[in-house]
Amino acid sequence: MHSPSTSATPVSQPQAAGVPLVDMQRQYQSLKEELHAAVNRVLASGRFVLGPDCQELEKAIAAYCHVPHAIGCASGSDAILLALMALDVGPGDEVILPSYTFFATAAAVVRLGAKPVFVDIDPATFNIDPAEIAAAVTPATKAIMPVHLFGQCADMNAILALAARHKLAVVEDAAQAIGAEYKRRPAGGIGDVACFSFYPTKNLGGVGDGGMLTTTRQDLADRLRLLHVHGMQPRYYHQVIGINSRLDSLQAAVLNVKLAHLDRWTAERQLHARRYHELFASHRLADVLGLPVEAADCRHVWNQYTVRVPDGRRDELRSHLATHKIGTEIYYPVPLHEQQCFTYLGYKVGSLPRTEQAARETIALPIFPELSFDEQRFVVARIAAFFGAGQHEHRPPTPKFLKHPQGRENEPSGRKSA
Ligand SMILES: Cc1ncc(COP(=O)(O)O)c(C=O)c1O
């Protein structure tokens, strides 16, 4: 691995154009010919919906997630809706989920007439806290929906144990976490059913919307295959009321090309995370910012590199970086339990304090496979300037890379796609 830490190295000042949060052009340029060939083949075939490309992708994702079944659909949001429909979640049911997630996780619960029960997070990993889940279970609880946020799996063993004790289903929202692992088990192959998004900025992103469900359960796979085509089997005979949520062949063809590169891109993201950590340490910022951690025995795939900014200065730092044309994002500025549309649920400000603190403090920095080392140095130097930590890198006293909250150091494992 490249070591950026030389004592008092003057920081280069590249990129007058700044550093984007994500740059999808770079990936497109590197795969242009393959992508064009795949798209042209689909156009010539005339098979645009649920064609052979979709079946190929389903097989490849099933193998990648070590499960027997994968079912394509139109988006990650639809995948969550379909998963809950397949589990018969409806009026009178409660689903436990984090408030610190994208809106889609909770919206599907409400669409089906069920009640989302929001619980707090583990502040170290930003993922749902199993102890909080235990306290939220009631006789009406039907499912737990952990979200593998920012590319790191939730604490699934504790969640699976709770689910078994109370006979609850577990739906993994793995939208941000394709390729992540929890104790050598792949995201998408741990709960009863899992939901992936192929939104363009995801680690495996299409050229539009797309989604996938994975499951080890034959009964759920059969139901999902019905539900996502209006419950129709055979043609024009409707066994149940489903929805129209199909994966386009064009998306599948693009994703089939990209899947072959996913593990290499993940390794790049992991390298960037390590470099950020070392650069922050070398600028003596590792104890100023709250740097993200990788839990023990997990493979973090770094869909986002999210840091905490202390002392209420997050928005000020964001403006400072914007003046240097450095892209950032806030995931998520308003936790779901505080969203206007969920006021009817009666949550008060202060009811999920660790979630609320994360929403106030976190900022996501540029991370994508093609990000250059110079760009990372530029980002960190601008953050150092903001904190008055100087323009020079210093040799870090002790490397503090990615400690688990319990103190174990962890090296990400490699993973080959199917
Ligand atoms: C955690 C999470 N869940 C669900 C979704 C929904 O996926 P999609 O945008 O494909 O509908 C997203 C996408 O941003 C997400 O990040």
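Okay, let's start at the ligand: helices α3 (76-86) and α4 (104-111) each give at least two residues to the shell around it. Helices here are DSSP runs of H or I, at least four residues, strands are runs of E, at least two, and both are numbered from the N terminus. Before I go on, this is a predicted model, so local features need pLDDT of at least 70 and side-chain atom pairs count only at pLDDT 80 or more, while totals for chains, interfaces and linings use all residues. Residues are numbered from 1 along each chain as its sequence is written.

Back to the ligand. There are 15 residues around it, and Ser75, Gly76, Ser77, Ala175 and Ser197 come nearest. Being near means that the C-beta atom, placed from the backbone, lies within 6 Å of the molecule. What is the shell made of: how many nonpolar, polar and charged residues? Five are nonpolar, eight polar and two charged. In that count, Ala, Val, Leu, Ile, Met, Phe, Trp, Tyr, Cys and Pro are nonpolar, Asp, Glu, Lys and Arg are charged, and the others, Gly among them, are polar.

β3 (residues 94-98) and β4 run parallel and are joined by five bridges; strands pair if DSSP finds at least two bridges between them. Going from β3 through α4 to β4, the chain makes a right-handed β-α-β crossover, that is, with the strands pointing away from the viewer, the path from the first strand over the helix to the second runs clockwise. As for β4 (residues 115-119), four of its five residues are buried, meaning 20 or more other C-beta atoms within 10 Å of their own; exposed is 12 or fewer, partly exposed is in between, and C-beta atoms are placed from the backbone.

Next, helix α6 (residues 156-166). Met156, Ile159 and Ala163 are buried there. Why do they sit on the same side of α6? Because they cover an arc of only 60° around the axis, taken from the directions from the helix axis to the C-beta atoms. Ala161, Ala164 and Arg165, on the other side of α6, are exposed. After α6 comes Lys167, with a positive phi near 55°.
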